[in-house]
Amino acid sequence: MASPISKKKETSVITHRQKFEGHTGNVWGAIHLPGGQRIITCSRDGSLRVWNMKSGKQIGDDWRDGDSPVWSIALSPDGKKVVSGSEDGAVRLWDIDTCKVVEVWAGQYTRAVWSVCWSRDGRRVLSGSYDGTARQWEIESGETMPEPIENILASIETGDECVYAVVYSPDTTLIATGGPDGRDDSEYPIKIWDAKTGKLVATLKGHTDDVWCLAWTKDGKTLISGSWDSSIRTWNTTKWKQTAVLDEHTSPVNAIAISPNDRILASVSDDKTARLWNLDNGQPMSSPIQHPQSVLCVSFSAGGKQLATGCYDHNAYIWDVAAILREAGLDDLLSNPQAKKSALHVCDTFIKIYHCIQTYTLGTSTCQSRPSRFFQWSTTIAFFCTTPFSLRVPGTARQHVSQPLVWSQPLRCP
């Protein structure tokens with residue numbers, strides 16, 4: 001796919017904001033922790049480690065439960081737990097406050113657990129293994145999700161030789177898996193499953209090598225896949241059709257991540273780069289983010305302004321996404337278009353109501369137009385109306401409204 005980036009920007013060098021050194025094996029997972037001050041990583045060396053983002057130093061001791069390589073980690077929606085998948089076939093649940101394992105789910109898998117993810121409600125964990133199965137785990141009891149409770153199928157035999165990637169749909173009704181088809185070594189499909197019944201819903205074909213990573217947009221309308229064929233593909237989940245191929249990488253794509261506002265895709269590859277993509281048009285947004293060796297994992301911070309990557313060189317890195325976008329003239333991609341629409345709608349509604357009220361108090365209690373009718377104004381709505389604007393009520397001087405909306409004044413309808 002052709003890039004719209006200027007030649008000057010394509011050749012610019014992007015430098016990391018922070019580097020985290022200490023692991024003695026490749027870094028296969030790097031995710032941001034709540035508060036924006038720490039990241040946690042996992043490695044082939046068998047440890048999880050927490051790092052101070054400002055200093056780059058490790059916080060506390062290694063997190064360990066044996067010496068088995070840890071291939072994947074995922075943060076719970078409430079930010080209190082981390083789940084990990086390891087070479088020994090175990091799925092482990094870690095408490096962030098105590099830095100300890102609180103559950104070990106072992107004995108179900110016969111080979112390494114390569115991929116883990118959470119359901120949006122935080123009640124389930126999904127894992128995929130080299131043995132070709134995907135399994136669901138119920139967090140409260142710490143056991144494989146038993147079918148009788150919610151008619152949830154615990155294990156899905158995918159028919160694939162391995163399951164490299166697993167992900168829930170946003171509403172948790174579907175599961176997507178990626179891996180080489182065990183019955184045909186020329187097929188590398190993405191398979192979509194019903195989470196309750198385990199029934200195969202769709203098979204997506206297009207990749208020509210193993211699918212290693214999957215991500216679903218928050219609205220559930222798009223599934224994104226990365227493969228060892230060096231391509232990234234987007235899929236419409238209504239018709240289950242391919243919609244785009246992003247092909248700037250020159251080596252296998254190892255991991256992808258979608259920004260919190262669903263507008264930016266990050267991908268990392270064996271070509272030693274991370275890339276940022278504009279999901280509005282499918283185009284790369286900057287020159288490649290260079291690393292010393294193959295890049296194995298990637299994640300966005302909660303606000304989408306920073307990117308964490310893990311590398312084959314045993315180190316993790318932080319990159320300033322906001323600065324990269326500013327240089328490319330694309331900093332508006334960090335905004336949430338839905339929030340803008342909401343703000344405009346609320347302010348427009350306020351302006352229309354403004355002329356019909358007799359007295360009001362903004363951001364604190366109510367607006368009254370007549371004894372039988374009240375307009376409720378909350379601090380949330382006041383927050384949305386933070387863009388300065390001017391109003392003029394007949395018979396009064398024009399008034400400039402600036403943020404936040406905390407002023408009040410009695411008005412009369414003409």
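Q: Which residues is Leu307 in contact with in this predicted model, leaving aside its neighbours within four places in sequence?
A: In this predicted model, Leu307 is in contact with His32, Ala266, Leu276, Ile289, Val298, Ser299, Phe300, Tyr317, Ile318, Trp319 and Val321, once neighbours within four places in sequence are set aside. Contact here requires heavy atoms within 4.5 Å.

Q: Why is Thr234 called buried?
A: The relative accessibility of Thr234 is 8%, and buried means under 20%, so Thr234 counts as buried.

Q: How do you know that the side chains of Thr234 and Thr243 form a polar contact?
A: The contact joining the side chains of Thr234 and Thr243 is 2.6 Å, and the cut-off for such a pair of N or O atoms is within 3.5 Å. Thr234 itself lies in strand E21 (residues 232–236). Leaving aside neighbours within four places in sequence, Thr234 is also in contact with other residues, including Thr222, Leu223 and Ile224. The C-alpha atoms of Thr234 and Thr222 are separated by 6.6 Å, although these residues are 12 apart along the chain.

Q: How do you know that strands E19 and E20 pair?
A: Two strands pair if there are at least two bridges between them, and 5 bridges join E19 to strand E20 (residues 222–227), the two running antiparallel. In the hairpin of E19 and E20, which has 5 residues between the strands, Gly220 takes a positive phi near 75 degrees.

Q: What makes strand E19 mostly covered?
A: In strand E19 (residues 211–216), 6 of its 6 residues are buried.

Q: Why is the pair of Trp71 and Trp114 called tilted?
A: The structure holds 14 aromatic pairs. In the pair of Trp71 and Trp114, the ring centres are 4.9 Å apart and the planes are at 40 degrees; planes under 30 degrees apart count as stacked and over 60 as edge-to-face, so this pair is tilted. Because Trp71 lies in strand E6 (residues 70–75) and Trp114 in strand E10 (residues 113–118), the pair ties together parts that are 43 residues apart in sequence. Both Trp71 and Trp114 are buried.

Q: What makes the pair of Tyr130 and Tyr164 edge-to-face?
A: The planes of Tyr130 and Tyr164 are at 80 degrees, with 5.6 Å centre to centre, whereas edge-to-face needs an angle over 60 and pairing needs centres within 6.5 Å.

Terms used:
Residues are numbered from 1 along each chain as its sequence is written. This is a predicted model: local features need pLDDT of at least 70, side-chain atom pairs count only at pLDDT 80 or more; totals for chains, interfaces and linings use all residues. Side-chain values use heavy atoms; hydrogens and water are left out. Helices (H or I, at least four residues) and strands (E, at least two) are DSSP runs, numbered from the N terminus. Buried means under 20% relative accessible area, exposed over 50%, partly exposed in between (1.4 Å probe, protein chains only). A polar contact is a pair of N or O atoms within 3.5 Å; within protein, one must be able to donate a hydrogen and the other to accept it, and residues adjacent in sequence count only if both atoms are side-chain atoms. Rings of Phe, Tyr and Trp (its six-membered ring) pair if their centres lie within 6.5 Å; planes under 30 degrees apart count as stacked, over 60 as edge-to-face and the rest as tilted.
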